Amino acid sequence: MFVKYWENKKNLVIWKRKPKKIYSFRARKHYWYEDGLINASYNCLDININLGLGDKVAIYYFDKNKKLQFLTYKELLKLVSNCSFYLKERMKNIKKPKIIIYGSASLETSIAMLSCARMGIHFSVIFQDLSYDAVKIRSKLLDANFLISRCIEKKFYEKILKDKIFKKENIILSSFTKLNVLGINSTNFLELKYNKFFKPKFIKGSNDFFTLFTSGSTGHPKGVTHSLAGYLIYNKLTCIKKFGISKHSVIFTASDAGWINGHSYALFGPLSLGASTVILEVPYLILDQQFLKFILKTCKVTILYLPVTLIRLMKTIFTKKIKSKYLKVIGSMGEPLAFSVGKWFAKNFELSNKAIINTYFQTETGGIISSANYKNTSLQVKHGSSGKALNNQLGLFLDKSNNTPEFKIKNPWPGCMSSIINSKEIFDSYYDENNNFKLFDTGYFDKKNNINVTGRIDDVINIRGHRIGSSEFESIILSNNGIKEACAISIDSKLEGSMFVVFLVSKSKKKINKDNIIKSIILNFGNFAVPKNIFQIKELPKTRSGKILRRLLRFIYTNPGQKYTNDLSTILNPNVVSEIKKKVFHEKFRG
Ligand code: ATP
Ligand code: MG
């Protein structure tokens with residue numbers, strides 16, 4: 001019955017040859033739409049042009065200087081064709097190309113992704129700001145043999161050659177300006193001239209499409225691979241059902257191409273539906289309220305989809321409501337959305353009667369696991385909750401057989417990862433003994449059967465037998481005036497059992513009244529819930545996708561003075577670590 005559902009959904013995309021084999025499971029690997037022949041770039045570009053949308057804007061792009069460029073579907077296909085010819089020429093000596101695209105949300109990255117898709121080449125985007133070591137580790141794990149990058153520093157480039165990560169002839173530096181500082185010519189993807197149509201390569205539906213590394217919030221980024229047709233179909237379906245995306249939509253997803261939402265909801269999903277997508281090289285630029293207004297008005301944005309971390313910052317910075325006659329849907333991503341933050345978001349974007357599409361997703365699931373949808377009102381799905389899964393057949397449930405309840409999926413969908421490149425063992429660890437897909441997150445279903453994710457199972461705070469998700473504390477703390485950000489972590493102590501500590505960032509430089517914070521926590525949870533320590537710090541340590549690095553905070557608290565040995569390659573602000581270490585050390589050992 002479940003497979004039947006996905007068999008029907010095959011008609012959501014256009015095939016060169018329709019699949020007959022819908023699903024099989026061999027050697028602990030899932031194969032979806034195996035014998036179908038399909039191409040992602042064809043599904044995102046050619047079909048729209050065939051439908052008469054060729055002159056419609058496909059991508060609006062704002063670079064780091066806020067300069068706007070836009071490309072119609074016809075223009076984009078031309079550029080992708082040119083880039084594909086160029087890549088083909090450059091890779092003629094490579095038998096099985098595997099490409100790393102080291103770049104941020106940009107036109108070049110989008111063109112490169114769509115070209116790889118057109119040529120049926122496995123690719124992996126790595127977020128531009130990750131360090132040399134991060135790129136080195138990921139390239140080796142992937143066994144990549146070709147690099148496309150925006151301009152990198154000379155030192156970086158020389159190291160790549162010295163460490164033999166890529167051969168000189170297998171590197172393309174893409175640039176809009178003709179730089180030649182490194183002794184190799186950079187290539188402007190907008191100026192390539194082949195002026196021929198590059199025929200899309202139709203490949204098997206179950207072939208690898210791309211690999212993407214997880215955010216690394218838990219200190220272990222995993223190289224998650226998605227298969228082609230399964231990913232496209234699940235992604236397209238969530239775009240339709242959750243956001244209501246159609247050819248009339250303009251979606252602005254403030255996520256980098258290096259993260260899953262930058263793939264799913266900023267590029268492949270919207271383009272597969274003939275919509276327009278707004279891409280912003282530096283998402284933080286929208287904290288400039290005037291600029292955000294300008295984007296919404298100029299591009300006539302109908303769907304605005306933001307990381308929670310940006311919404312929290314907007315709440316502290318924005319002075320006026322944002323009015324836009326075009327905006328119909330707002331969405332949040334990446335982290336639990338505290339009730340007070342959700343309420344502010346809806347009210348200040350003048351959509352208070354609508355539910356926020358608070359999307360619960362993982363890199364591993366390829367797209368949204370659960371969320372409200374564009375038709376819901378806030379009466380149906382309260383702020384902070386993330387609605388329902390696409391349908392009941394997926395079997396998203398809360399397994400309560402262990403101490404900490406965990407969300408699991410009974411029938412993993414075609415968009416779920418097909419493998420993890422680092423390790424078969426890690427891949428296997430995602431399945432329990434009954435072959436349910438583990439999500440490693442906890443929470444609850446509320447009275448209306450909507451999902452509320454309260455954190456990762458490892459982050460649950462256990463005090464005197466009460467198990468409370470970290471975000472439940474944070475949500476209460478954030479409802480106090482003057483708090484910009486909060487993080488509650490659980491600490492295991494031999495002497496005192498479990499306890500929790502809180503890290504806070506104030507909106508201003510003012511000292512936070514810790515008693516008020518404690519009062520609000522006790523009022524909501526009871527007398528047992530008193531934090532062991534409250535630290536006021538300048539900034540919380542975060543991943544580059546904006547997520548709080550709880551494990552790092554827990555480590556600093558339990559091992560003051562020691563070096564953190566987990567992977568920190570995705571940390572956004574390494575400079576904050578020493579301030580936190582000092583504060584914790586001082587507090588714990590002041591006698
Ligand atoms: P890593 O797996 O490397 O530790 P990560 O889990 O942060 O990193 P992602 O795949 O980008 O990497 O993030 C998925 C996780 O983000 C989810 O498992 C969940 O913990 C959290 N998350 C995403 N959306 C929501 C949401 N709406 N509410 C609560 N948590 C969310
Ligand atoms: Mg994860």
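**Overall dimensions and contacts**

The protein chain exposes about 25100 Å², and carbon and sulfur atoms supply 51% of that. Keep in mind that this is a predicted model. Buried residues account for 62% of the 591 residues in the chain.

As for secondary structure, the protein chain has 16 helices and 29 strands. Its radius of gyration is 24 Å, close to the 25 Å that the globule rule gives for 591 residues, so the chain is as compact as a globular protein of that length. The C-alpha trace spans about 70 × 55 × 50 Å along its principal axes. If we take contacts between residues at least 6 apart in sequence, 69% of them join residues at least 24 apart.

On to the charged pairs. With a cut-off of 4 Å between side-chain nitrogen and carboxyl oxygen, the count comes to 20 salt bridges. I will go through some of them.

Glu108 pairs with Arg150, with the closest N and O atoms 3.0 Å apart. Glu108 sits in helix α4 (residues 107–119) and Arg150 in strand β8 (residues 146–150), so this bridge ties together parts that are 42 residues apart in sequence. Are these two side chains buried or exposed? Glu108 counts as buried at 3% relative accessibility, and Arg150 counts as buried at 14%.

Next, Lys136 and Asp163 form a salt bridge at 3.6 Å, N to O. Lys136 belongs to helix α5 (residues 132–142) and Asp163 to the loop between α6 (154–162) and β9 (171–174), so the pair connects parts 27 residues apart in sequence. Here Lys136 is partly exposed, at 26%, and Asp163 is partly exposed, at 29%.

Then there is Arg550 with Asp459, where the closest N and O atoms are 3.9 Å apart. This pair links distant parts of the chain, 91 residues apart: Arg550 in helix α15 (residues 550–558), and Asp459 in the loop between β24 (451–456) and β25 (461–463). Both residues are buried.

There is also a network of salt bridges, which links Arg312, Glu335, Glu485 and Lys542.

Last, the surface. Val3, Tyr23 and Phe25 form a nonpolar patch there, with about 220 Å² of accessible area together. Phe25 is placed in strand β1 (residues 23–26) and is partly exposed, with a relative accessible area of 36%.

Methods
Residues numbered from 1 in each chain as written. Chains lettered and ligands numbered in written order. Predicted model: local features only at pLDDT ≥ 70, side-chain atom pairs only at ≥ 80, totals over all residues. Heavy atoms only, no water. Patch = residues over 30% accessible without salt bridge, like charges linked within 9 Å, V, L, I, M, F, W, Y side chains within 5 Å. Areas by Shrake-Rupley, 256 points an atom, 1.4 Å probe, with all protein chains shown as cover. Helix = DSSP H or I, 4+ residues; strand = E, 2+ residues; numbered from the N terminus. Buried < 20%, exposed > 50% of the residue type's maximum accessible area, 1.4 Å probe, protein only. Rg over C-alpha atoms; globule rule 2.2 N^0.38 Å. Contact = heavy atoms within 4.5 Å.
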